[in-house]
Amino acid sequence: MRYPFAQLHSIRTERLLLRKLERSDIDSAALIHGDPATNLHNPGGARSREATVAVVDDWVSFWERQHFGYWTVCAGDDDSQVLGFGGIMRKQIGDFTGLNMYFRFATHAWGNGYASEMAQAALQVAFETLDEAAVYGLVRPANSPSRRALERMGMQLCSTVDDVPGQEASLIYRIIKEDFLNAVS
């Protein structure tokens, strides 16, 4: 399904509402990004509320400039039930800039396929609406659940980047437009 550019602020999938991230989502973002369990593989650990406010401000500003970005992911039948955050946003990845696939969900939402469902919509936006050549996913080597999620999205390991001093290099996954379109046709 091709999503018109003007409708990227609110997309419904089979089970989810993907809506434009707003500053009013800070309480949900602080709960999810501040939870040590959701940051098990994050070298910086759980974010403080202040750090989360800064990140959300950056993400909202990206939306304002680019008219797409990370979504607030809600249960499709309850717009107030925030399950997590995710989508695509242009980001510095190693020595290049590309569309980064991001997802972080509350622990109660894990294991339900929400990341894959959200990612399918995000990849459709990237390749069919924005006409991008590739989408990337940056992940820590020990984060097996996220690596499996990226692989289920059709992404393949393509490179590494030494982005955390003193630790093993992060992995860069990628899916190209042709591979995605061939898989969904």
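The lining of the largest cavity comprises six nonpolar residues, one polar residue and no charged residues; here Ala, Val, Leu, Ile, Met, Phe, Trp, Tyr, Cys and Pro count as nonpolar, Asp, Glu, Lys and Arg as charged, and the others, Gly among them, as polar. The structure is a predicted model, in which local features need pLDDT of at least 70 and side-chain atom pairs count only at pLDDT 80 or more, while totals for chains, interfaces and linings use all residues. Residues are numbered from 1 along each chain as its sequence is written, and side-chain values use heavy atoms, with hydrogens and water left out.

The residues lining the largest cavity are Leu 8, Trp 63, Phe 68, Gly 69, Trp 71, Ile 88 and Val 125. About 40 Å³ of space lies in this cavity, and a search of the whole structure finds one cavity of 30 Å³ or more. On a 1 Å grid over the protein atoms alone, a cavity is a set of points where a 1.4 Å probe fits but cannot get out, whereas a pocket is an open set with protein on both sides within 12 Å along at least five of seven lines; lining residues have an atom within 4 Å of a point. Grid points are joined across faces, edges and corners, and a volume is the space filled by probe spheres set on the points.

The largest pocket holds about 1,200 Å³ of space. Its lining consists of 44 residues, of which Tyr 102, Phe 103, Arg 104, Asn 143 and Ser 146 lie nearest the centre of the pocket. By class, 22 residues of this lining are nonpolar, 15 are polar and seven are charged. At least two lining residues come from each of strand S4 (78–93), strand S5 (96–105), helix H3 (114–129), strand S6 (134–139) and helix H4 (144–152). Helices (H or I, at least four residues) and strands (E, at least two) are DSSP runs, numbered from the N terminus.

Eight strands form an open sheet with mixed pairing, in the order S1-S2-S3-S4-S5-S6-S8-S7. Strand S1 (10–12) and strand S7 (156–161) are the edge strands, each pairing on one side only. From one strand to the next, the twist averages 30 degrees, with axes taken as lines fitted to C-alpha atoms and angles running from 0 to 180 degrees between N-to-C directions. Two strands pair if DSSP finds at least two bridges between them.

S3 and S4 run antiparallel and are joined by six bridges, and a hairpin of two residues connects S3 to S4. S4 pairs with S5 in the antiparallel sense over ten bridges, with Met 89 opposite Asn 100 in S5. The hairpin of S4 and S5 has two residues between the strands, and Gly 94 takes a positive phi near 65 degrees there. S7 and strand S8 (residues 170–176) run antiparallel and are joined by five bridges; Leu 157 stands opposite Tyr 173 in S8.

Cys 74 is located in strand S3 (residues 70–75), opposite Val 82 in S4. Cys 74 counts as buried because its relative accessibility is 0%, whereas Cys 158, at 37% relative accessibility, counts as partly exposed; buried means under 20% relative accessible area, exposed over 50%, and partly exposed in between (1.4 Å probe, protein chains only). The C-alpha atoms of Cys 74 and Arg 174, 100 residues apart along the chain, are separated by 26 Å. The count of disulfides is zero, a disulfide being a pair of cysteine sulfur atoms within 2.5 Å.
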